[in-house]
Amino acid sequence: MLSNFSPNKSALAACRVLVVGDAMLDRYWFGTVDRISPEAPVPVVRVTREEDRLGGAANVALNVKKLGANATLLTVVGIDEAARKLEDMLMSEGVTTRLGRDEQLFTIVKLRVIGRAQQLMRVDFENQPNHEVLTLMLADYERELPEHDVVLFSDYGKGGLTHIPRMIELARKLGKPVLVDPKGSDYSRYAGASVITPNRSELAQVIGTWSSEAQLTKHAQKLRAELGLAGLLLTRSEEGMSLFYASDSCSEQFNVSAQAREVFDVTGAGDTVIAALAVMMACGLSLRDAVPIANRAGGIVVGKFGTANVSYEELFK
């Protein structure tokens, strides 16, 4: 197992990851709380600083780029201020973008109000379009596929990946590994992918809750086999990760312990994990060998506040 694998930067710079999914803008308002409102029993936040960060699939692409690989983001945004901000930020970070624009779509914004070093409120700005927003970008997707080593789907359940079965089929025909960060209770649409990376609550929506490790293993392997996946990577927070996979026609399980560090914020940790996994697989590592590195990346990012990422130096120092 190559848990100490450390690729040089020139090798990483040759790796190319295509990220497809729901991009969003994570907006933070930081302030002080000195009193309770006389209008209602809620704290009054006096905003002193504002900060925008890339969120959703945009954050996944940024994580890929920060690790030293090439990232291309294919997504659809609205025609609004948030879309312009997203595009400017992606460009400044060196992420290649293939942005579709839909006048009926609100670019997703998640506004978090922070006071006394804690999140007091989150306000989401979004709408549910009455049509498939990525339909017109299938041609762009097919053009990009041959130029990339790995395809990563970041599904936030916002309606952008209705056509993911067709996209997975196209990628697999070209022999590209396909990674999916899943959402919802219907995983049949991810059939044929290389690996999916649900967390505990996401997997429980599909296989039900489990009362023992043996029960978890049985149902996870059954789901993996039914979907034709090479692996199912369960992220388990303080319990680390479990990879359920097939080897020589046998079902196997590989567990990785969580990194020993204080957890500050789990926001975006799944983005970092799947991005690191994709980069390592783009560099030629097997799924099993890439998991410990992805686990280490996740352990680093949970020690940071809000939507964050991990640099090459942090991961391989």
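Predicted model: local features only at pLDDT ≥ 70, side-chain atom pairs only at ≥ 80, totals over all residues.
Among the salt bridges is the one in which the side chains of Asp26 and Arg112 meet, with an N to O distance of 3.5 Å. This pair links distant parts of the chain, since Asp26 lies in strand 2 (residues 23-36) and Arg112 in strand 6 (residues 108-115), 86 residues apart. Asp26 has a relative accessible area of 4% and is therefore buried, the cut-off for this class being under 20%. Arg112, at 6% relative accessibility, likewise counts as buried.

A salt bridge is also formed between Arg101 and Glu87, whose side chains meet at 2.5 Å, N to O. Here too the pair links distant parts of the chain, with Arg101 in strand 5 (residues 96-101) and Glu87 in helix 3 (residues 81-93), 14 residues apart. Arg101 counts as partly exposed at 44% relative accessibility, and Glu87 falls into the partly exposed class at 23%. Another salt bridge connects Glu51 with Arg49, the closest N and O atoms of this pair being 2.9 Å apart. Glu51 is partly exposed, with a relative accessible area of 25%, and Arg49 is partly exposed as well, with a value of 43%.

Attention now turns to strand 8. This strand spans residues 150-154, and because five of its five residues are buried, strand 8 is largely enclosed by the rest of the structure. In a regular strand, side chains alternate between the two faces of the sheet. In strand 8 both faces are covered, with Val150, Leu152 and Ser154 buried on one side and Val151 and Phe153 buried on the other.

Strand 8 is paired with strand 1 and also with strand 9. Strand 1 (residues 16-21) runs parallel to strand 8 and is joined to it by five bridges, and within this pairing Val20 stands opposite Phe153 of strand 8. Strand 9 (residues 178-181) likewise runs parallel to strand 8, to which four bridges join it, and the bridge partner of Val151 in strand 9 is Val178.

Terms used: Residues numbered from 1 in each chain as written. Heavy atoms only, no water. Buried < 20%, exposed > 50% of the residue type's maximum accessible area, 1.4 Å probe, protein only. Helix = DSSP H or I, 4+ residues; strand = E, 2+ residues; numbered from the N terminus. Pairing = 2+ DSSP bridges. Salt bridge = Lys/Arg side-chain N within 4 Å of Asp/Glu carboxyl O.
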